[in-house]
Amino acid sequence: DGDPAARALVLTGEKPVTKLFRVVNNTTILGEASTACLVGVGGSGDVVRSYATKTQVLLPESVYPSEDQVQEFNDSYTPFLIETIELAVERAGVMLDDITLLVPHNVSRLLWLRTIEELKFDRSRVYFDNIARYSHCCCADPFLNYTTLRREGRLVEGGLYLLTSVGMGATYSAMVVEHTGEST
């Protein structure tokens with residue numbers, strides 16, 4: 001309703017309950033995590049400069065996608081992700097070179113190396129540390145990674161951080177967050 005004092009609590013979490021859901025063949029191992037993030041339209045704290053999402057409609061006959069659907073997802077993964085990243089950066093009114101650190105979801109370092117090569121983005125400006133620590137924790141990854149960076153004192157005041165996530169189905173998301181230096 002536009003109330004500058006209004007707040008929303010965003011909760012994320014996944015629990016892969018079977019082996020089939022804990023391992024994505026040739027890509028990643030799924031971890032378990034949940035996060036909570038308090039957001040509002042006013043106040044102190046880091047600022048979401050932009051958000052972009054793109055959906056690739058892949059409708060499996062069941063919970064398990066067919067081999068053809070998995071292949072279609074794999075073939076279009078990098079182009080769809082790059083398109084979403086570029087849209088978020090454009091909406092933030094900045095250039096990709098202005099991004100302080102790319103904070104990707106923890107799906108696969110190899111997929112990310114391919115993606116950043118196509119983006120022509122410097123590998124040293126990509127945060128990979130939590131892939132080994134937690135694996136891919138689905139929708140919690142962006143918040144888990146950003147919180148880890150904050151806890152480790154690695155966020156720079158005024159820095160722009162590009163957070164990403166991709167989910168099967170398939171939805172690609174990216175947002176640019178500006179660190180204000182405020183501790184919230």
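1. Start with Glu152. In this predicted model, Glu152 is partly exposed, with a relative accessible area of 34%. Its side chain meets that of Arg154 in a salt bridge, at 3.1 Å from N to O. Arg154 has 37% relative accessibility, so Arg154 also counts as partly exposed. The pairing does not stand alone. Salt bridges with shared partners join Glu152, Arg154 and Asp129 into one network.

2. How many salt bridges does the structure hold? The count is five. The general idea is simple: side chains of opposite charge can pair when their charged atoms come close.

3. Look next at Asp46 and Arg150. Their side chains form a salt bridge of 2.6 Å, N to O. Asp46 sits in the loop between strand S4 (33–40) and strand S5 (47–55), while Arg150 belongs to helix H5 (residues 141–151), so the pair ties together parts that are 104 residues apart in sequence. Is Asp46 buried, partly exposed or exposed? Its relative accessibility is 22%, so Asp46 counts as partly exposed. Arg150 is partly exposed too, with a relative accessible area of 30%.

4. Glu178 and Arg49 make another salt bridge, at 3.1 Å from N to O. Glu178 lies in strand S8 (residues 171–178) and Arg49 in strand S5, so this pair links parts that are 129 residues apart in sequence. Glu178 counts as partly exposed at 24% relative accessibility. Arg49 is partly exposed as well, and its relative accessible area is 34%.

5. Now the overall layout. The protein has five helices and eight strands. From the N terminus, the elements run β-α-β-β-β-β-α-β-α-α-α-β-β. Of the contacts in the protein with a separation of 6 or more, 70% are between residues 24 or more positions apart.

6. Burial and surface come next. The protein has 184 residues, and 41% of them count as buried. Its accessible surface comes to about 10400 Å². Carbon and sulfur atoms account for 53% of that surface.

7. Helix H3 (residues 109–119) deserves a look. Which of its residues are buried? They are Leu111, Trp112, Leu113, Thr115, Ile116 and Leu119. Their cover includes H2, strand S6 (101–103) and strand S7 (160–167). As background, an α-helix has 3.6 residues a turn, so residues three or four places apart point the same way. Just after H3 comes Lys120, with a positive phi of about 60 degrees.

8. Turn to the surface charge. Glu67, Asp68, Glu72 and Asp75 gather in a patch of negative charge on the surface. Glu67 is placed in helix H2 (residues 67–91). Is Glu67 buried or exposed? Glu67 has 73% relative accessibility, and exposed means over 50%, so Glu67 counts as exposed.

9. Finish near the start of the chain. Pro4 lies in the segment before strand S1 (7–14). Pro4 counts as exposed, at 55% relative accessibility. What does Pro4 touch, leaving aside residues up to four places away in sequence? Its contacts are Val41 and Gly42. Pro4 and Gly43 are 39 residues apart in sequence, yet their C-alpha atoms are 7.2 Å apart in space.

Methods: Residues numbered from 1 in each chain as written. Predicted model: local features only at pLDDT ≥ 70, side-chain atom pairs only at ≥ 80, totals over all residues. Heavy atoms only, no water. Patch = residues over 30% accessible without salt bridge, like charges linked within 9 Å, V, L, I, M, F, W, Y side chains within 5 Å. Areas by Shrake-Rupley, 256 points an atom, 1.4 Å probe, with all protein chains shown as cover. Salt bridge = Lys/Arg side-chain N within 4 Å of Asp/Glu carboxyl O. Lys, Arg positive; Asp, Glu negative; His and termini not counted. Charge placed at Lys NZ, Arg CZ, Asp CG, Glu CD. Helix = DSSP H or I, 4+ residues; strand = E, 2+ residues; numbered from the N terminus. Buried < 20%, exposed > 50% of the residue type's maximum accessible area, 1.4 Å probe, protein only. Contact = heavy atoms within 4.5 Å.
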